[in-house]
Amino acid sequence: MNLISILSADSISSVSVMVNSELLETLTTDENYSHSKVLPVYLNDLLKKYQLINLDGLVVSIGPGSYTGLRIGISLAKGFAFSKNIPLIPISTFDIIKYNVDIESSYSILVHSHRHFYFKQSYSGLNRKGKPELVDINTFKDTTIYYTGNEHLDKKYPNYVNHQLDSETMLKIGLKHFDSMIVKDINSVTPMYVSNITLNKND
């Protein structure tokens, strides 16, 4: 299986390549919100280096996360997939984190949105509980929490575990669930947005 993945759900920009079902290389930068500048370059560099003519699909992060980053990453993925006539494999930010979580009890996954607000999805083992929502980290309580974001919540709260997003995990998910996750209707792939609160001027 030959796959490329594009991660742009948070401030990090990352592209990974898989050839014959083997992870070969990842290009990434910690330069905040540089998606439009580096993602096309990373994609082109990896395609040339590994002479990837026959791709089985492109894995792309669809959020929730950075509004601007998601629009840039998904637009790049859709344009490339259309030009190469290959399917997309859209993956949520929650699923990227959940892939590395091995727990059978209840827990929540949090993805940083802005300031003290996080996108939250509750789970029981591998199963989702309810719908994702936007929560205030200052008032949110739960037993076990896995999160991604630049804030060091794990140093403040002992029940928080930090999981940084990465495009390599996206490839592993895409390979494992390729048949059930591929989307051939490229235009149907859109960013996943979550909003269920009204912000006041202090937020």
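Predicted model: local features only at pLDDT ≥ 70, side-chain atom pairs only at ≥ 80, totals over all residues.
Strand 2 (13-19) belongs to an open sheet of five strands, arranged in the order 3-2-1-4-5 with mixed pairing. The edges are formed by strand 3 (22-29) and strand 5 (88-92), each of which pairs on one side only. Neighbouring strands of the sheet are turned against each other by 20° on average, direction ignored. Strands of a sheet pair through backbone hydrogen bonds, in either a parallel or an antiparallel manner.

On one side, strand 2 is joined to strand 1 by five bridges, and the two run antiparallel. Within this pair, Ser5 stands opposite Ser16 in strand 2. Strand 1 and strand 2 form a hairpin with five residues between them. Strand 2 is also joined to strand 3, through seven bridges and again in an antiparallel arrangement; here Ser14 stands opposite Thr28 in strand 3. The hairpin of strand 2 and strand 3 has two residues between the strands, and Asn20 in the turn has a positive phi of about 55°. A parallel pairing is found between strand 4 (residues 57-63) and strand 5, which are joined by five bridges. Gly63 stands opposite Ser92 in strand 5.

Two helices lie across the strands of this region. Helix 1 (residues 35-49) lies across strand 1 (3-7), strand 2 and strand 3, and runs at about 15° to strand 2. Helix 2 (residues 67-84) lies across strand 1, strand 4 and strand 5, running at about 160° to strand 4.

The loop between strand 4 and helix 2 contains Ser66. This residue is buried, with a relative accessible area of 14%. The side chain of Ser66 reaches the backbone nitrogen of Gly69 at 3.0 Å. Ser66 also touches Ser8, Ala9, Asp10 and Tyr33, residues up to four places away in sequence not being counted.

The largest nonpolar core comprises 28 residues, and those with the most contacts inside it are Leu3, Val59, Ile89, Ile91, Phe94, Ile97 and Ile109. Two or more residues are given to this core by each of strand 1, strand 5, helix 3 (93-98), strand 6 (106-114), strand 7 (117-124), helix 5 and helix 6 (178-181). Another core, of 26 residues, lies apart from it and has Ile6, Leu27, Leu39 and Ile86 among its members. With residues up to four places away in sequence left out, Ile89 touches Leu3, Gly57, Leu58, Val59, Val60, Gly174, Phe178, Met181 and Ile182.

Gly174, one of the residues touched by Ile89, is part of helix 5 (residues 167-176), where Ser167, Thr169, Met170, Leu171, Ile173 and Gly174 are buried. At the start of helix 5, a side-chain oxygen of Asp166 reaches to within 3.1 Å of the backbone nitrogen of Glu168.

How values were computed
Residues numbered from 1 in each chain as written. Heavy atoms only, no water. Buried < 20%, exposed > 50% of the residue type's maximum accessible area, 1.4 Å probe, protein only. Helix = DSSP H or I, 4+ residues; strand = E, 2+ residues; numbered from the N terminus. Polar contact = N/O pair within 3.5 Å; in protein donor to acceptor, adjacent residues only side chain to side chain. Pairing = 2+ DSSP bridges. Axes fitted to C-alpha atoms, helices over the stretch in contact; angles between N-to-C directions. Contact = heavy atoms within 4.5 Å. Core = buried A, V, L, I, M, F, W, Y, C linked by side-chain atoms within 4.5 Å.
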